[in-house]
Amino acid sequence: MIKNVLVTGAGALLGQGILRLLQVSDFPKKIFTADPDPRSSGHWLGDYALTVPKINEENYGKVIEEIIVQYKIDAILVGTDVELPFFAKHKDVFLQKYNCKVVVSSEEVITIANNKFLTSAFLEENNFPYPFSVMANDKNKLLEIEEKLGFPLFAKPFDGARSLGIMKIETHEELMAIYHPESNLVVQQFLSESEGEFTSGCIVVEGKCKAIVTMKRDLRDGNTYRAYLDGETSKYDSFIIPIAEKLNADGPVNFQFRISNGKPVIFEINGRFSGTTPLRHFFGFNEVEELLKYYLFGTEIKKPLLKNGLVLRTWSDVFVDEKEFNTLKNEGKFENLKPEFYNFSLKK
């Protein structure tokens, strides 16, 4: 039976990574892509492209619901951070009214994951290693973290992504300079990169972590551009699995951490697929395929058989004929996308 799957955020790297894995997933499907911009390259990674309002526009929810009904959408995969709260709020309604499974965690999980201060608090409250954190809107707390940890410290927006807005604080004067009663900065202990930075992608269903893939990574502009998997990276799985299960995500969840005193200290949680989701496929695990087969066909998720190696990221290009582009731009949708040149291939 063919399943209709909608992927939002076709213009985002996250959405495009999900689409690439969906393309090579081994079950019958029709892929619908959604994004406010008709020029989004992810539109050319599916079968039916749809332009939709931005998440902050009043009619966003109405349009999504109309798409679910009109195209009999069986599952929705969320390709941007900003859409997560909406879908977390409406996932139960969409499932009950339309039998449409939205692959997203609860509102509580998304709230914790979207706020680095709440992430730290969750870890501390549950006796997991955590980065000591305070908000820069409380001068007394800033003085407390200085006295407790000294320098250097890290400051970043509590709801930031990648490396945007991150600052390294070296002195008392720099610390006091970021104080403001309405500041959105969280100040955290500095975690050394001496042992590298790691990312763990977990699949959690019914409170159990069914699969985990941990990779070491190199960053550029906040994004992973090289990823490594060997016998050493998996040794941290046993630390991460209890955290994933305590968080009680529904589906994909990603943890980013560095090592302190021999243990992983998580500094960021993503309650979703991550930018490294497509990289895990090269090592032997297609998170998107496994989850959709579980939710849509009841297929049990198997522990992945991984292979060691290195993934190097490259750019990919798509050429779109002017007539084809104008069709999408003017009508808002079209079927059977056939780009003249598509330079990407995921190989198992």
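What volume does the second largest pocket have? In this predicted model, where local features need pLDDT of at least 70, side-chain atom pairs count only at pLDDT 80 or more, and totals for chains, interfaces and linings use all residues, the volume comes to about 240 Å³. Residues are numbered from 1 along each chain as its sequence is written, and side-chain values use heavy atoms, with hydrogens and water left out.

To begin with the whole chain, its secondary structure comes to eleven helices and 18 strands (DSSP runs numbered from the N terminus, helices being H or I with at least four residues and strands E with at least two). The C-alpha atoms fill a box of roughly 60 × 45 × 40 Å along the principal axes. For 348 residues, a compact globule would have a radius of gyration near 20 Å, and the 21 Å of the protein chain agrees with this (taken over C-alpha atoms; the rule is 2.2 Å times the number of residues to the power 0.38). Of these 348 residues, 52% count as buried (under 20% relative accessible area with a 1.4 Å probe, protein chains only).

Helix α1, residues 13-23, is largely enclosed by the rest of the structure, because nine of its eleven residues are buried. Among them are Leu14, Ile18 and Arg20.

An open sheet is built from six strands in the order β14-β13-β10-β11-β12-β15, with antiparallel pairing (two strands pair if DSSP finds at least two bridges between them). At its edges lie β14 (263-270) and β15 (309-312), each pairing on one side only. Neighbouring strands are turned by 35° against each other on average, direction ignored (axes are lines fitted to C-alpha atoms). Within the sheet, β10 (residues 197-205) and β11 (residues 208-220) are joined by nine bridges; Thr199, for instance, has Met215 in β11 as its bridge partner.

In total 18 residues line the pocket, and Ile212, Ser234, Asp237, Lys303 and Leu306 lie nearest its centre (a pocket is an open set of points on a 1 Å grid where a 1.4 Å probe fits, with protein on both sides within 12 Å along at least five of seven lines; lining residues have an atom within 4 Å of a point). By class, the lining holds eight nonpolar, five polar and five charged residues (Asp, Glu, Lys and Arg count as charged).

Definitions and conventions:
Axes fitted to C-alpha atoms, helices over the stretch in contact; angles between N-to-C directions. Buried < 20%, exposed > 50% of the residue type's maximum accessible area, 1.4 Å probe, protein only. Points joined across faces, edges and corners; volume = space filled by probe spheres on them.
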